[in-house]
Every structure is written in C-alpha cells, then in structure tokens.
Amino acid sequence: MKMLQVGDKAPNFEAIDQHEKPVKLADFAGKKLVVFFYPKASTPGCTVEACNLRDHYQTFLAQNYEVVGVSADSVKRQLNFANKHELPFSLLADEDKKVIEAFGVWGPKKFMGKEYDGIHRTTFVIDEKGIVSEVITKVKTKEHTAQILS
C-alpha cells in the first residue's frame, strides 16, 4: 500500500455518491477538499466521525472547504447512512475500490488478533490546486474537525 503523502497531486478520482450522482476531483476546483476514508457505513466509529464532520459542516463551508466521505459500501448503504444521520456531504460508494486504492488506504489491518485487508481510516486535505496539504492517519473520531482545521 503506497499512501499519498503531503505534496502529492491528488488522484483525479470519480465515483458515484449516495444519490447515484457522479462526483470527481474536478468538481472541487478552487476549493479545499476534505476526503475522509472510513471502513464501513453505520458502524460506531464511522458514525461518530461522520457526525462530528456534520456538526461542523457550516464551519468547513465558511472556510472554503468541501467534505467527501469514501468507503467500499454500496450506494444503498451510503444513502441509508446519510439519511439516518442527516449527513449533508457526498458519501462515495467505491465498491470497486478505485478511489480507495488511488489514495493508498487499502491494505492489511489487525483487529482482535485477526489479520485482514481493509480500509485504513485516513483523511486527506487537498488544497485549491489539487495538491495534498495534509494527511491524518491517526483519526480521532470524536475530535476530527479539530484535527483538520487546527
């Protein structure tokens, strides 16, 4: 797994969101973009993280940021997650893992003594020119907005 680093050009990704609408990097030209990768919609940690970003979404917009979440969940699962928690941003349904692999966040993980491949909870901040300006690998789900905006 070769994860994107600060200074790398963001991949020109495209995937569909929870409304089956295509979302691509070019849609955010001239804005800062927070792309947060999470393992699975509607799980406890992912819900806390997404709701923390939701609760501060207006602050992101006021500072010229857009927010996009990405997981390998289906469109239906993303829609249910977004509707249940009133998430105002796009959640990409990256079932073929093209976006996940382009950012380098798919790889071996350990949980309760078992090893498996999965999504590493990681957030990338991309500047107005499409360059990665920050990579957060130790995401604090309850304080994620503060990690991004500090």
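Guide: Phe103 is buried, at 0% relative accessibility (buried means under 20% relative accessible area, exposed over 50%, partly exposed in between, with a 1.4 Å probe and protein chains only). The model is predicted, so local features need pLDDT of at least 70 and side-chain atom pairs pLDDT 80 or more, while totals for chains, interfaces and linings use all residues. Residues are numbered from 1 along each chain as its sequence is written, and side-chain values use heavy atoms, without hydrogens or water.

The partner of Phe103 is Phe13: the two ring centres are 6.0 Å apart and the planes meet at 55 degrees, so the pair is tilted (rings of Phe, Tyr and Trp, the last by its six-membered ring, pair with centres within 6.5 Å; planes under 30 degrees apart are stacked, over 60 edge-to-face, the rest tilted). Because Phe13 belongs to the segment before β1 (14-16) and Phe103 to helix α4 (residues 98-103), this contact ties together parts that are 90 residues apart in sequence (helices are DSSP runs of H or I with at least four residues, strands runs of E with at least two, numbered from the N terminus). Phe13 is buried as well, with a relative accessible area of 4%.

The structure holds nine aromatic pairs. Elsewhere, Phe36, Tyr38, Tyr57, Phe81 and Phe89 come together in one aromatic cluster. A ring also meets a charge: the charged end of Lys97 sits over the ring of Trp106, at 4.7 Å from the ring centre (NZ of Lys or CZ of Arg within 6 Å of the centre and within 35 degrees of the ring normal).

Lys98 is exposed, with a relative accessible area of 59%, whereas Asp96 is partly exposed at 48%. In another place, salt bridges with shared partners join Lys40, Asp73 and Arg77 into one network.

Strand β6 (residues 106-111) runs antiparallel to strand β7 (residues 114-119), and six bridges join them (two strands pair if DSSP finds at least two bridges between them). Phe111 has Lys114 of β7 as its bridge partner. The two strands form a hairpin with two residues between them, and in this turn Met112 has a positive phi of about 50 degrees. Tyr116 is placed in β7 and is partly exposed, with a relative accessible area of 35%.

The loop between β7 and β8 (122-126) contains Arg121, and helix α1 (residues 44-55) contains Glu49; the contact of these two residues therefore ties together parts that are 72 residues apart in sequence. Arg121 and Glu49 form a salt bridge whose closest N and O atoms are 2.7 Å apart. Over the whole structure, the search finds eight salt bridges.

Notes. Salt bridge = Lys/Arg side-chain N within 4 Å of Asp/Glu carboxyl O.
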